[in-house]
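Here is a short briefing on one protein chain. Look over the sequence and the model first, then read on.

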Amino acid sequence: MSASPCPVCGCLTLRGGPFDVCRVCFWEDDGVRAADVVSVPNRITLAEARANYAAYGACDRRVLHLVRPPLPEERAPAH
């Protein structure tokens, strides 16, 4: 099965399982794609998570110790 892009970091890390976790930014994918809706498992909005990833390299500062750099095959495709 091919991986889908994480809605936060864009890396190809999500395998489609329920509440899959991106190992690059540690976002738990609950399927919500509205930027201003609080994600229940993550306790922040997608917009906040994206801003955090840009600033810290993780969806939330509290999970910095759980993230890793993307593998070459996980890097977001260039547009």
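Is Thr13 buried or exposed? Thr13 is buried, because its relative accessible area is 9%; buried means under 20% relative accessible area, exposed means over 50%, and partly exposed lies in between (1.4 Å probe, protein chains only). This is a predicted model, in which local features need pLDDT of at least 70, side-chain atom pairs count only at pLDDT 80 or more, and totals for chains, interfaces and linings use all residues. Residues are numbered from 1 along each chain as its sequence is written, and side-chain values use heavy atoms, with hydrogens and water left out.

**Overall build**

- The chain holds one helix and two strands. Helices (H or I, at least four residues) and strands (E, at least two) are DSSP runs, numbered from the N terminus.
- Read from the N terminus, the order of elements is β-β-α.
- The C-alpha trace spans about 30 × 25 × 25 Å along its principal axes.

**Surface, charge and contacts**

- Of the 79 residues in the chain, 37% are buried.
- The accessible surface is about 4,800 Å², and carbon and sulfur atoms own 58% of that. Areas come from the Shrake-Rupley method with a 1.4 Å probe; for residues, only the protein chains shown count as cover.
- There are 9 positive and 9 negative side chains, and the centres of the two sets lie 5 Å apart. Lys and Arg count as positive, Asp and Glu as negative; His and the chain ends are not counted. The place of a charge is NZ of Lys, CZ of Arg, CG of Asp or CD of Glu.
- Among contacts with a separation of 6 or more, 31% join residues 24 or more positions apart. Contact means heavy atoms within 4.5 Å.

**The nonpolar core**

- The largest nonpolar core has 15 residues. Such a core is a set of buried Ala, Val, Leu, Ile, Met, Phe, Trp, Tyr and Cys residues joined through side-chain atoms within 4.5 Å.
- Cys6, Val8, Cys9, Cys22, Cys25 and Trp27 have the most contacts inside this core.
- Beyond its neighbours within four places in sequence, Val8 touches residues including Cys25, Trp27, Leu46 and Tyr53.

**Thr13 and Glu74**

- Thr13 sits in strand E2. Its contacts, not counting residues up to four places away in sequence, include Ala3, Cys6, Cys22 and Glu74.
- Glu74 lies in the segment after H1. Glu74 is buried, because its relative accessible area is 7%.
- Leaving aside neighbours within four places in sequence, Glu74 contacts Cys11, Leu12, Thr13, Val24 and Arg68.

**The loop between E2 and H1**

- Thr45 is found in this loop, which runs between strand E2 (12-14) and helix H1 (46-56). Thr45 is buried, at a relative accessible area of 10%.
- Phi of Phe26 is near 70°, a positive value in a residue other than glycine. Phe26 counts as partly exposed because its relative accessibility is 22%.
- Arg43 belongs to the loop as well. Phi of Arg43 is near 65°, again positive in a residue other than glycine. Arg43 counts as exposed, at 59% relative accessibility.
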